Amino acid sequence: MTAAPTRTHCPYCSLQCGMAITRQGRGGIEIGAWEEFPVNEGALCRKGWTAGGLRGSRERLTTPLVRDRATGELRAADWDEALDLVARRIAVLQAAHGNDAVAVFGGGGLTNEKAYQLGKFARVALGTSQIDYNGRWCMSSAASAGNQAFGVDRGLPFPLADVEQADVVVLVGSNLAETMPPAARHLDRLRERGGRLVVVDPRLTPTAARADLFLQPVPGTDLALALGVLHLLDAQGLVDEEYVATRTTGFDDVRRAAAAWWPERVERTTGIATDELRALVALLAGSAASAGGERGDRRPRVMVLTARGAEQHAQGTATVLGWIDVALALGMPGRPYAGYGCLTGQGNGQGGREHGQKADQLPGYRMIDDPAARAHVAEVWGVSPEELPGKGRSAYELLDALGRDDGPKALLVHASNIVVSAPNATHVAQRLESLELLVVCDIVMSETAALADVVLPVTQWAEETGTMTNLEGRVILRRQAVAAPAGVRSDLEVIAGIAQRLGAPVDFSTDPEEIFAELGRASAGGKADYSGISYARIAEEDGVFWPCPAVAEGEQPHPGTPRLFADSFPTPDGRARFVVPEYAGPAEEPDPSYPVHLTTGRVLAQYQSGAQTRRIRELSDEGAFVEMHPMLAERIGAHDGHPVVVRTRRGEMKAPARVVTTIRPDTVFVPFHWVGANRLTNDALDPSSRMPEFKVCAAEVLV
């Protein structure tokens, strides 16, 4: 008799599409549709449909491995031996060098329970300030900008389906059709209604092919484009002065800054022609017909959405602030079917940055240097505030410090393949190799696990229960559908096992629902308040939007908050902030030695570092390639399908050329799912978010 399907969610991107899993013979699973879940309505991309491909794979790790000091090779060990070794070496290193000798590196794919427990483990069991995670390299610039402008960071302050009801949607640096294909239906429905789509991208992607207006700027100049839009909105009297006066502060300074960005200057900087810039402003102002074919007197509903293409820059925060300024000048944030949003990338990219695995953060999106926050969380944890360490290093700065005299000597890695995903990756791999102890928890032998002293096999998504928070701020429940293979433990069990061996002053639960309840108490009163959310509510309501505070007994439960900012912003005076973004350009401009721009990104069949998707037979794995324009190919003598070498100041890689007319002639594109792309990328950091400049650097291409 076939078991009833288990309703759960996809292991990949921030949509967290609903799916139904049915157990098959010999531990296999079958993926089916969950049509009632509102985010994807039963649709999945090819990655989602094949997500069960690692079940039963020979590449799946099922026993702990420790590196034999005599041979230098990894050998099988039992769990007690592996965890005893880890705890013993941590104790020795901390005794010799202090608590910060041990660091923790988390991931945006961890459940909320794991992210919360990892932050608690670092601060309470290890007593270290040295914890950060790979989400720093995803959404941190948008998060920093959102906090500055709105007083809160929630990727989308409205449900994703609101996109369909906008009149104009501006996508800046997003290839939605390939990175989260089920979401592209919202763009199609928008256009079916008569709405307009604008895409800003150096490449004519499948998303850009849907656009009514496609703008193809020089990589790294999106901020200059935003300033040019602000200039024309002000010069043409199109600013919503009443909204600006009643709901914002700081516009006069932004107005003065934008005055210097006349259209001709924008064209020289971005490569966007003045008539294209004016066409964009005309769409935003409603000069063209609004949805439904009638303009009427109302302002069009404009939605500005940014993604990694705009954010992964040394000026990523400033760039997002520039586009938020555009949305505020138009009077959009807080209005129905309008405003600004960030298309969060990783599966739990939203929840992962809310509950304590960032260097400067405590649960509930509290800041670790806030005495009140420290007191509240310490009480929940059963420790004194004075015992909690302070702010640590950001992700790249943490990795750069590994093995140095004043840096960590040990690193525990959860849900991150650093060797492939870090910028300036050759340098980062060298820092990992300099450690006295590297512990990696993973489901397969990733490139990072291959360097480890201890590798711990952990559960994957279908084998565990836990919550995720999708790009809308909707807290959803992943349900365990099948048992884990023998010999595999969850990250929660790993954390608890090490904490117990270190003599942690408090217990670390391994029960996800129990941990989520504690997370709710720890987040109560914070910006990301989950205290009114329970597993039962999530199951009943197909997800609950935060903030959702608990209420007194006998009162009606808080309904959750699908849409933010309708009445006010969570700032001291209730107003949004215009922030002046000063354009500085890419950290590294082309020159005679490195004459072209290099940018990186994703392809349809792969996900992040590819540790999972590259091992699934049903997904195409053609390897890395170098996309270039025919003009560039002719100039250097490259031919489609033939190998070329891309070289930057940090390294080089070799891959076949892919000659296309859809990219700028001064730019090459390399996908980052394979070893190579991030050996080239620039580790220059955004001063606010500490985001590395993944999306542009100077390069040379050779045959």
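**Ground rules.** I number residues from 1 along each chain as its sequence is written, and I use heavy atoms for side-chain values, with hydrogens and water left out. Because the model is predicted, local features need pLDDT of at least 70 and side-chain atom pairs count only at pLDDT 80 or more, while totals for chains, interfaces and linings use all residues.

**Confidence.** I looked up pLDDT, the predictor's confidence in each residue, from 0 to 100, and found a chain mean of 96, with 98% of residues reaching 70 or more. Over residues 288-297 the value is below 50, and this stretch has 16 contacts in the model beyond near neighbours in sequence, a contact being heavy atoms within 4.5 Å. I keep in mind that where pLDDT is low, the predicted coordinates should not be read in detail.

**The sheet.** I then turned to the strands, which, like the helices, are DSSP runs numbered from the N terminus (helices are H or I, at least four residues; strands are E, at least two). Five of them form an open sheet: the 5 strands run in the order β10-β9-β8-β12-β13 with parallel pairing, where two strands pair if DSSP finds at least two bridges between them. At the edges I find β10 (213-215) and β13 (339-342), each pairing on one side only, and the twist averages 15 degrees from one strand to the next.

I followed β9 (residues 196-200) across to β10, with which it pairs in the parallel sense over 3 bridges. Here valine 198 stands opposite leucine 213, and valine 200 has leucine 215 as its bridge partner. Strand β8 (residues 168-172) also pairs with β9 in the parallel sense, over 5 bridges, and there valine 169 stands opposite leucine 197. I noted that β9 is largely enclosed by the rest of the structure, because 4 of its 5 residues are buried (buried means under 20% relative accessible area, exposed over 50%, partly exposed in between, with a 1.4 Å probe and protein chains only).

**A helix pair.** Helix α7 (residues 222-235) packs with helix α13 (residues 316-329) at an angle of about 20 degrees, their axes 8 Å apart; the axes are lines fitted to C-alpha atoms, for helices over the stretch in contact, and angles run from 0 to 180 degrees between N-to-C directions. I therefore record α7 as roughly parallel to α13 (angles under 35 degrees count as roughly parallel, over 145 as roughly antiparallel, 65 to 115 as roughly perpendicular and the rest as oblique). Among the residues that meet are Leu223, Leu230 and Leu233 in α7, and Gly322, Trp323 and Val326 in α13.

**Single residues.** What does histidine 427 contact, leaving aside its neighbours within four places in sequence? I found Tyr396, Asp400 and Arg404; histidine 427 itself belongs to helix α17 (residues 425-433) and counts as buried at 19% relative accessibility.

I also checked the backbone, knowing that most residues other than glycine have a negative phi, and most peptide bonds are trans. Glutamate 41, in the loop between β3 (29-33) and α1 (46-49), has a positive phi of about 55 degrees and is partly exposed at 38% relative accessibility. Arginine 690, in the loop between β28 (682-685) and β29 (692-693), has a positive phi near 65 degrees. Finally, I saw that a cis peptide bond joins tryptophan 546 and proline 547, with omega about 0 degrees.
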